[in-house]
Amino acid sequence: MITTTGLTKVYRTRGREVTALDGVDLHVREGEVYGVIGQSGAGKSSLIRCVNLLERPTAGTVTVAGQDLTALAGRGPRAGKELRRARSRIGMVFQHFNLLSSRTVKDNVELPLEILGTSGKERSRKALELLDLVGLAEKAGAYPAQLSGGQKQRVGIARALAGDPKVLLSDEATSALDPETTRSILHLLRDLNRQLGLTVLLITHEMDVVKSICDSAALMDRGRIVESGTVSEILATPGSELAAALFPVGGEASGSDRTVLDVTFHGEAATQPVVSQLSRTYNIDISILGAAIDTVGGLQIGRMRIELPGRYEDNVVPIGFLREQGLQIDVVGRPAGPAEESALVKDGAK
Amino acid sequence: MTWSDWSEMQPLLSQACWDTLYMVGWSTLIAVVGGLPLGVLLVLTDRGGLLQNVIANRVIGQIVNIARSMPFIILMVALMGFTRWITGTTIGREAAIVPLAIGAIPFFARLVETAVREVDDGLVEAVQSMGGNTWTIVRKVLVPESLPSLISSTTTTIVALIGYSAMAGTVGAGGLGDIAIRYGYQRFETQLMWITVGVLAVVISVIQFAGDYAARALHRRGGRSGPAPRLRLLKTSTPTGKAG
């Protein structure tokens, strides 16, 4: 639905050049929620602004819903008619809501429709329908200043949906909200994604956002995408920075004759009570050192760090058992080089 | 002739009052119509603006600066040819409106510029993301969002124009300031001078109060508390104190 290829953005200020985006290839599938995460200055903001060409990329292309926006942009600094029409089909929500304080909630939602030239009656009907959808029907006549942060963002979302977009861009939409409100806004985005088949591209610096609603994610660092994929793909990638950040587990071995394992759950295996099965089958005591498990899209997903008694050599069989269950096992404290890995697999197979 | 008799003063004062309001009213209207687009243009053409055009910005900025640096009385004289071309005369109330308006346009334009610059860039970005063009942004964002400030700016302009209008007396336009200068200052009719100054103070207070009230009513709708009215009354009245 959204594809960028070789997207590059260089800011020039007084002879100095700052590369905000350095050849970003992004692919967001139709109907998914895609999260781009990174620290401030990583280029997330530039990326999302390049998608609807609020920022002109220095190089590269942006395609949204099969339409090459970079080709529509033309040469001039101002957005032509074609590009403006394309933008009206991409909704955008902002960190600071960006509602017009001089307009009521309803008039704010009507604004995109005014731009599209919709008739007054139709505008009014649509605005009320959207406010109802985001649960703010009774606030239609209020001014933004009379609303809480969460309500303002709901208005922002209703406004973004006014032009019946297929794509919603969310620029740190929950970063100015408290955790409780963040959850309800994310919930709303998730619902809209499911009900309307809306493709959502969001940028955030909060891991929780990615964890709670994203189907896919990408990690950005210094203008590049360092890792990307569906959440379970990322989780399955050994040594993934993003996986470690999404599902952080800690805990040290309690003695030298202990084996510490990182167990990664994704997919079917996660529904099985593997730890107690392991304990019963091999009659060993297992301690859980740390765990980060979430239910994403109805599947349990996450990581757990467990400790088994005995050295690694003594635990080859239980490790093999876990692997047979379809779990990904990383032995902590043993560098998982290719040779090592294959040795483990062989041992496990015995 | 003594001026202690109110029945003699009264028609003189009411005529002067009417003259002042007539001149200031028309010149304010023209200043707003001319200054608003100019001020918006100053913001739009600035570096990083929607219609970035450094040369146009410099040219407009310089014209505004030159017009503002000219003392009003000089401007009035300098514009005499233009005034005659427009109104057919260089004396009287109508003739005074031309230099008053032209003096106030750049003044108001600068105030508009400041007010419009205060509008959050995020709002502009939001409307761009909806597919709005520059004209839509000006009409639906920049002007409505800065309306409380624009009303305050208009109030300030009216008060400044009342000050300028005192000098319009030199072209026979009449007005309150003219009475204060001619009767009070030049003929030592101290009593009349003070009454005139008093009337001016009342007129200015009423205008300032009305302006502040309107600006604050709009602000309150936006939920932000308006600026302290007392402080602004003091600040904006200063130029008239000098002129009257």
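Trp194(B) has 12 C-beta neighbours inside 10 Å, so Trp194(B) counts as exposed. This residue belongs to helix 10 of chain B. The structure described here is a predicted model.

**The two chains**

Chain A contains 13 helices and 14 strands. Chain B, in contrast, has 11 helices and 0 strands. The table sets out some values for each chain.

| Chain | Residues | Share buried | Share of contacts (at least 6 apart in sequence) joining residues at least 24 apart |
|---|---|---|---|
| Chain A | 350 residues | 42% | 68% |
| Chain B | 244 residues | 45% | 70% |

The C-alpha trace of chain A spans about 75 × 50 × 35 Å along its principal axes. Its domain assignment gives domain 1, residues 2-235, and domain 2, residues 247-331. Between the C-alpha centres of these two domains there are 39 Å.

How high is the mean pLDDT of chain A? The mean is 86, and 91% of the residues of chain A reach 70 or more. Over residues 336-350 of chain A, pLDDT stays under 50. For that stretch the model has 12 contacts beyond four places in sequence.

**The sheet of six strands in chain A**

One open sheet of chain A has 6 strands in the order 6-7-8-3-9-10, and its pairing is mixed. Strand 6 (90-93) and strand 10 (224-230) of chain A are at the edges; each has a single partner strand, so one side of each is left without a neighbour in the sheet. On average, neighbouring strands of this sheet are turned by 15 degrees against each other, direction ignored.

With strand 8 (residues 199-204) of chain A, strand 3 (residues 33-38) pairs in the parallel sense over 5 bridges. Within this pairing, Val33(A) has Val200(A) of strand 8 as its bridge partner. Strand 3 of chain A is also joined to strand 9 of chain A by 5 bridges, and these two strands run parallel. Here Val36(A) has Ala218(A) of strand 9 as its bridge partner.

Is strand 3 of chain A buried or exposed? Of its 6 residues, 6 are buried, so strand 3 of chain A is largely enclosed by the rest of the structure. Both of its faces are covered. On one side Val33(A), Gly35(A) and Ile37(A) are buried, and on the other Tyr34(A), Val36(A) and Gly38(A) are buried.

Helix 1 (residues 44-51) of chain A lies across strand 3, strand 7 (167-171), strand 8 and strand 9 (216-221), and runs at about 155 degrees to strand 8 of chain A. Helix 6 (residues 149-161) of chain A lies across strand 6 and strand 7, and runs at about 170 degrees to strand 6 of chain A.

**The sheet of four strands in chain A**

Another open sheet of chain A has 4 strands in the order 2-1-4-5, with antiparallel pairing. Strand 2 (16-28) and strand 5 (67-68) of chain A stand at its edges; each has a single partner strand, so one side of each is left without a neighbour in the sheet. Strand 1 (residues 2-13) of chain A runs antiparallel to strand 2 of chain A, and 10 bridges join them. In strand 2 of chain A, His27(A) is the bridge partner of Thr3(A). Helix 1 of chain A packs on this sheet too, where it touches strand 1, strand 2 and strand 4 (59-64) of chain A. The direction of helix 1 makes about 60 degrees with that of strand 2 of chain A.

**Where the chains meet**

How many residues of chain B are in contact with chain A? There are 21 of them, in contact with 21 residues of chain A. Helix 6 (121-129), helix 7 (134-145) and helix 10 (190-222) of chain B are the elements that give two or more residues to this side of chain B. The largest share, 6 residues, comes from helix 6 of chain B. By type, the residues on the side of chain B that touches chain A divide into 10 polar, 6 nonpolar and 5 charged.

How values were computed: Residues numbered from 1 in each chain as written. Chains lettered and ligands numbered in written order. Predicted model: local features only at pLDDT ≥ 70, side-chain atom pairs only at ≥ 80, totals over all residues. Contact = placed C-beta atoms within 7 Å. Nonpolar A, V, L, I, M, F, W, Y, C, P; charged D, E, K, R; others polar. Pairing = 2+ DSSP bridges. Axes fitted to C-alpha atoms, helices over the stretch in contact; angles between N-to-C directions. Buried ≥ 20, exposed ≤ 12 C-beta atoms within 10 Å, placed from the backbone. Domains from an automatic or database assignment. pLDDT = per-residue confidence, 0-100.
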